[in-house]
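Dear colleague,

I am passing on the structure we talked about, and I would be glad if you opened it while you read.

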Amino acid sequence: MFQKSWLARGVAAASLIGIFVPVSALADFVKDRQVSLGLRNFYIDRDFKQDDAPKSRIGSWTQGFDFRAISGYTEGIVQFGLDVSGQYAYRLDGGGGRGPDTIIPYDDSKDEQVRDYGRAALTGKVRYSRTELKVGEHRPMLPVAFYDDSRQLITTYHGFLLESREVDNLTLTAGRFTEISSRESSNREKMYLFNGPDIQRRSDGLNFGGATYAFNPALSASYFYGQLEDIYQQHYAGLTHNANLGNGFGLKTDLRYFDNSEDGKALYGDIDNRSYGIMTTLRKGPHAVGVAYQRMLGESAFPTLNGYAPQPYLVNWSTVAFVKPNESSWQLRYDYDFAALGVPGLRFMTRYLRGTGIDRGNNALDQNVESERNIVVNYVVQSGAFKGVGFEWRNIDVKTRYGNGGASGPDYQENRLITSYTFKF
């Protein structure tokens, strides 16, 4: 189920580099390469609690592979590079009758998940001074487009990305993504609105640009603009501040604001959404306590891309996401690093999120409530033959109550067990 054209593009790109770049200039291209193979064994089980759920349980057990060959750059004023990536996952369990689980592609005709899936891609690179252009596949971490590493295969984007750091403390970013490969797909497809009513209406591309400036080591600010052509426009502004309070205490504060509206032909109709959020985290030694508040304004939900591409720049982004019209949500979080007790590599996190006031077209806003509780335990072996092997257990408990506004939402408990290791060559 791999994309067939990636090899031809790779041969062409490598040939161009060979034609235009002398052999003597290829030394750093090879010497600075980074080649790795990531292994991830992923088990997920979601148990729905309501009697009318289409499937009482969904989930899968898969083994995944993530190969990446990141080249260095050729020598010279204008430098060139080429990256290769390939992802593949194989289902280890039976999979029959389990339903779509947001990991393995689902075959409706057989009423089961497919046995395996994967994809491969290339990224060409050009660098001049402190400015870099990449064309091909991307794993961005931007307010307007973010990759998804929460399941087996990673959501990636395709297009070009330009990043410049010519001015100290200032990062300028611009680009255009025309396709997305979502976490449960082998294919590339044009982008559309995830919560839209008609997925056949697709955009020709996502155009974006932005800047991040560090005023000093403790304070930075960002602004980004994104345009999903004929669907939505998005403005983002963010501020991050780290304060040293003395006596080992540190305080991090994040302020986030989004403004979303329809664009061009408005293929999904009017979009009216604004959101603001604040999260502050107090740290001392191995402890960290965080509190967050987020508010959705307007008549629309926060727009997200197909494949449920994540938006972690929202302070309360989670499995539920808390992005429904008029929703107010808050979060309480606690982290602990067991290195303080002599167990380096072991970390614990728990958080509780609750959203209220959701507008579902009825008058019972105070009765529309959803909540989520997370427990996450991570451990990475620090020494010995299994050094670098990682283990994660993630428990998610979701409850919803939508008053008298039609069908209620899902209640479920979900467990994820992940074992990972990366070979570096």
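Predicted model: local features only at pLDDT ≥ 70, side-chain atom pairs only at ≥ 80, totals over all residues.

Residues are numbered from 1 along each chain as its sequence is written, and side-chain values use heavy atoms, with hydrogens and water left out.

A search of the whole structure finds 16 aromatic pairs (rings of Phe, Tyr and Trp, the last by its six-membered ring, with centres within 6.5 Å; planes under 30 degrees apart are stacked, over 60 edge-to-face, the rest tilted). One of them joins Tyr213 and Phe215, which are edge-to-face, with 5.0 Å between the centres and 80° between the planes. Ring pairs also link Phe146, Tyr147, Tyr236, Phe258, Phe302 and Tyr313 into a cluster.

Tyr308 lies in the loop between strand E15 (287-297) and strand E16 (328-337), where strands are DSSP runs of at least two residues, numbered from the N terminus. Tyr308 counts as buried because its relative accessibility is 19% (buried is under 20%, exposed over 50%, partly exposed in between, with a 1.4 Å probe and protein chains only). Leaving aside residues up to four places away in sequence, Tyr308 touches several residues, including Asp148, Arg183, Phe194 and Trp317, a contact being heavy atoms within 4.5 Å. Although Tyr308 and Thr155 are 153 residues apart in sequence, their C-alpha atoms are 9.5 Å apart in space.

Best wishes

Technical notes:
Helix = DSSP H or I, 4+ residues; strand = E, 2+ residues; numbered from the N terminus.
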